[in-house]
Amino acid sequence: MAKTSRVRVHHLQQAKDSGEKITMLTAYDALVAPIFESAGVDTLLVGDSLGNVVLGFDSTIPVSLDDMVRATGAVSRSVSRPLIIADLPFGTYESGVEAAFDSSVALMKAGAHAIKLEGGVSRASIIAGLVANGIPVMGHIGYTPQAEHALGGPRLQGRGNAAQRLIEDAIAVEKAGAFGIVLEMVPGKLAAEVTRKLSIPTIGIGAGPDCDGQVLVWSDMAGMTDWSPRFARRFGEVGTALREAASDYVNAVVSDSFPSAEHTRENHE
Ligand SMILES: Nc1nc(=O)c2c([nH]1)NC[C@@H]1CN(c3ccc(C(=O)N[C@@H](CCC(=O)O)C(=O)O)cc3)CN21
Ligand SMILES: CC(C)C(=O)C(=O)O
Ligand SMILES: [Mg+2]
């Protein structure tokens, strides 16, 4: 039988407590998620970055709860070991615990083991309300893409005087009962300080090496697109490999070299 989410979430805490790094990648479908499972990724994030990465929007703001439910179901049906965390999309949780609970239930019924939502002090009561109702919650502070217009676009957060506020956000998320927290685009030293101050694991993206774990958007990790954020390393050039495969296919069809005899059956076989 599958492990319960409580046990799975507990494993992240154990990893922090034993100094073992936590690995997380985004996944949005049943094609890619099993590849990451077999690579040994601990945690799959069905991120609302699906808006940019697979739906063709230029931000996460247009992503709907239905979009997230469909993607979460696909990931959930295709893997068994990783912890599956799904983002609550913009507009589906901020108005109060009731809205947040209903949205979280939809994601949990689709197969998520936990949900993630953006914001610190301002979202603490919503996090606490979800946790009280049995929903494991991961926080997300620093650069929070759903607030891109309020924050003035993607830029490093917590610089100078804002460092103290970011620490307060992190503590509020932990006190509200979150089991972990994403730190996005935060100076490395500040992320290290937050990681020391918190008991729960921190997962960094653009937040330096001293977080308890790391997350990347999978297409950035794999080098699927020409552009990737400065904080990402391209661990492959999968976009180029895929283009070359498709181009070989096109050439083979137009030159009549595919399908060949081995791919062709005759009715007198
Ligand atoms: N492909 C992708 N990767 C991500 O990491 C990601 C998404 N999409 N979509 C949702 C959010 C938005 N994020 C973003 C979006 C833009 C930048 C960006 O334009 N960064 C610039 C400059 C940042 C700076 O001032 O350091 C860069 O050149 O990396 C970074 C993170 C992170 N998330
Ligand atoms: C970048 C990660 C943390 C995220 O929230 C997403 O992929 O939506
Ligand atoms: Mg997100």
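How many residues surround ligand 1, and which are the closest? I counted a residue as near a molecule if its C-beta atom, placed from the backbone, lies within 6 Å of it. On that basis 13 residues surround ligand 1, and the closest are Ser-49, Pro-154, Val-217, Pro-229 and Arg-230.

**Ground rules.** I am working with a predicted model, where local features need pLDDT of at least 70, side-chain atom pairs count only at pLDDT 80 or more, and totals for chains, interfaces and linings use all residues. Residues are numbered from 1 along each chain as its sequence is written, while chains are lettered from A and ligands numbered from 1 in the order in which they are written.

**Ligand 1.** I sorted its shell by residue type (Ala, Val, Leu, Ile, Met, Phe, Trp, Tyr, Cys and Pro as nonpolar; Asp, Glu, Lys and Arg as charged; the others, Gly among them, as polar). The shell divides into six nonpolar, four polar and three charged residues. I also looked up its helices (DSSP runs of H or I, at least four residues; strands are runs of E, at least two; both are numbered from the N terminus). H3 and helix H10 (218-222) each give at least two residues to this shell.

**Ligand 2.** Here I found a shell that includes Thr-26, Asp-48, Ser-49, Asp-87, His-140 and Glu-184. By type, the residues around ligand 2 are five nonpolar, four polar and three charged.

I located Glu-184 in strand S6 (residues 180-184). Buried or exposed? My cut-offs are 20 or more other C-beta atoms within 10 Å for buried, 12 or fewer for exposed, and partly exposed in between, with C-beta atoms placed from the backbone. Glu-184 is buried because 22 other C-beta atoms lie within 10 Å.

**Binding-site record.** The UniProt "binding site" annotation, also from an unreviewed entry, covers Asp-48, Ser-49, Asp-87 and Lys-116. These are spread over 69 residues of sequence, yet they cluster in space, with a largest C-alpha distance of 12.5 Å.

**Asp-48 and Asp-87.** I placed Asp-48 in the loop between strand S2 (43-46) and helix H3 (50-53), and Asp-87 in strand S3 (residues 83-87). Asp-48 is buried, with 31 other C-beta atoms within 10 Å, and Asp-87 counts as buried with 31 C-beta neighbours inside 10 Å. For contacts I used C-beta atoms, placed from the backbone, within 7 Å. Leaving out residues up to four places away in sequence, Asp-87 touches Val-46, Gly-47, Asp-48, Met-68 and Lys-116.

Terms used
UniProt positions renumbered as here; feature names shortened; annotations may be inferred. Contact = placed C-beta atoms within 7 Å.
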